Amino acid sequence: MANPSAAAARRRRATGPAPSLTGPASDVHPVLRRATAPPAALDLLARAHAGLDEATALESPNERYARAHLAALRTAAAVLAARGRPEPTPRARARIRSAWEVLPEIAPELTEWSALFASGARRRARAEAGIKGAASSRDADDLVRDVAMFLRLVERMLVLQPVLPQPRADGDRAESGGPPGPGDPRDGAPEPPGCGLPDAG
């Protein structure tokens, strides 16, 4: 009859060592957990999703472009609602500024996206005015695709964030340097296409 302890040892060798419950946080893969974004930001993200869905169903390139650009604007507004305005004084806050101008100050990692959508603000105004040929089908399709990527990125920033276990308080904190911050929110997302000079949004 086989020795039970020998069989258990073979199973342990086959499956590898059990994970340590007291080891450093770097030994544990991060998992995505829901962060606490303000209700106003979540509402804006939901409205951006709805607007983007509407844009994909529209046949007119002008309407599709304008609706997609509005979805991008609502996505940017969600970031502003979650992170606040940068102006330190009421007088500065009262000055009217485009969301695309403020966004890089709130979230520098979104600077290129801000420039991309700011460059389309003038085209969106022409499309909303019903000017024939303001946006081509290619323009509208490209914008819908860019806005979808931008929305996913912002949702990852505001709602889903990588979280690692907190280090133990008995000295492990000093070794690990405290809890790690979120990783790169773009997570390998391709860079937005080149863009021109930003307009007012």
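Axes here are lines fitted to C-alpha atoms, for helices over the stretch in contact, and angles run from 0 to 180 degrees between N-to-C directions. The model shown is predicted.

**View 1. Helices H2 and H8 pack against each other.** The axes of H2 and H8 lie 11 Å apart, at an angle of about 160°. H2 is therefore roughly antiparallel to H8, since angles over 145 degrees count as such. The crossing of H2 with H8 is left-handed. On the H2 side, the contact uses Leu45, Ala48, His49, Leu52, Ala55 and Thr56. Facing them in H8 are Val144, Val147, Ala148, Leu151, Val154 and Glu155. By class, this contact of H2 with H8 has nine nonpolar residues, two polar and one charged.

**View 2. Thr56 in helix H2.** Thr56 sits in H2 and is one of the residues that meet H8. Leaving out residues up to four places away in sequence, Thr56 touches Arg64 and Val144. Val144 belongs to the H8 side of the contact with H2. Arg67 is eleven residues from Thr56 along the chain, and their C-alpha atoms are separated by 9.0 Å.

**View 3. Helices H6 and H8 in contact.** H6 spans residues 111-118 and H8 spans residues 137-158. Their axes are 12 Å apart and the packing angle is about 150°. H6 and H8 are therefore roughly antiparallel. Their crossing is left-handed. H6 contributes Trp113, Leu116 and Phe117 to the contact. H8 contributes Leu143, Asp146, Val147, Met149, Phe150 and Leu153. The classes are eight nonpolar, no polar and one charged.

**View 4. Helices H5 and H6 side by side.** The axes of H5 and H6 come within 9 Å. They cross at roughly 175°, so H5 and H6 are roughly antiparallel. From H5, the residues in contact are Trp100, Glu101, Leu103 and Pro104. From H6, they are Thr111, Ser114, Phe117 and Ala118. Five residues of this contact are nonpolar, two are polar and one is charged.

**View 5. The buried side of helix H6.** Which residues of H6 are buried? They are Trp113, Ser114, Leu116, Phe117 and Ala118. These buried residues pack against H3, H5, H7 (121-128) and H8.

**View 6. The largest nonpolar core.** This core has 39 residues. Trp100, Leu110, Phe117 and Phe150 touch the most other members. Helices H2 (39-57), H3 (61-83), H5 (99-106), H6 and H8 each supply at least two residues. Which helix gives the largest share of this core? H8 does, with eleven residues.

**View 7. His69 in helix H3.** His69 is found in H3. Is His69 buried or exposed? His69 has a relative accessibility of 0%, so His69 counts as buried; the cut-off for buried is under 20%. Beyond residues up to four places away in sequence, His69 touches Trp100, Phe117, Gly120, Ala121, Arg124 and Leu143. Ala121 is 52 residues from His69 along the chain, with 7.7 Å between the C-alpha atoms.

**View 8. Lys132 in the loop between H7 and H8.** Lys132 lies in the loop that joins these two helices. Its relative accessible area is 83%, so Lys132 is exposed. The C-alpha atoms of Lys132 and Pro61 are separated by 9.7 Å, although the two residues are 71 apart along the chain.

**View 9. The protein as a whole.** The protein has nine helices and two strands. Their order from the N terminus is α-β-α-α-α-α-α-α-α-β-α. Of its 201 residues, 31% count as buried. Among contacts between residues at least 6 apart in sequence, 76% join residues at least 24 apart.

Definitions and conventions: Residues are numbered from 1 along each chain as its sequence is written. This is a predicted model: local features need pLDDT of at least 70, side-chain atom pairs count only at pLDDT 80 or more; totals for chains, interfaces and linings use all residues. Side-chain values use heavy atoms; hydrogens and water are left out. Helices (H or I, at least four residues) and strands (E, at least two) are DSSP runs, numbered from the N terminus. Angles under 35 degrees count as roughly parallel, over 145 as roughly antiparallel, 65 to 115 as roughly perpendicular and the rest as oblique. A crossing is left-handed if the near helix is turned anticlockwise from the far one by less than a right angle, and right-handed if clockwise. Contact means heavy atoms within 4.5 Å. Ala, Val, Leu, Ile, Met, Phe, Trp, Tyr, Cys and Pro count as nonpolar, Asp, Glu, Lys and Arg as charged, and the others, Gly among them, as polar. A nonpolar core is a set of buried Ala, Val, Leu, Ile, Met, Phe, Trp, Tyr and Cys residues joined through side-chain atoms within 4.5 Å. Buried means under 20% relative accessible area, exposed over 50%, partly exposed in between (1.4 Å probe, protein chains only).
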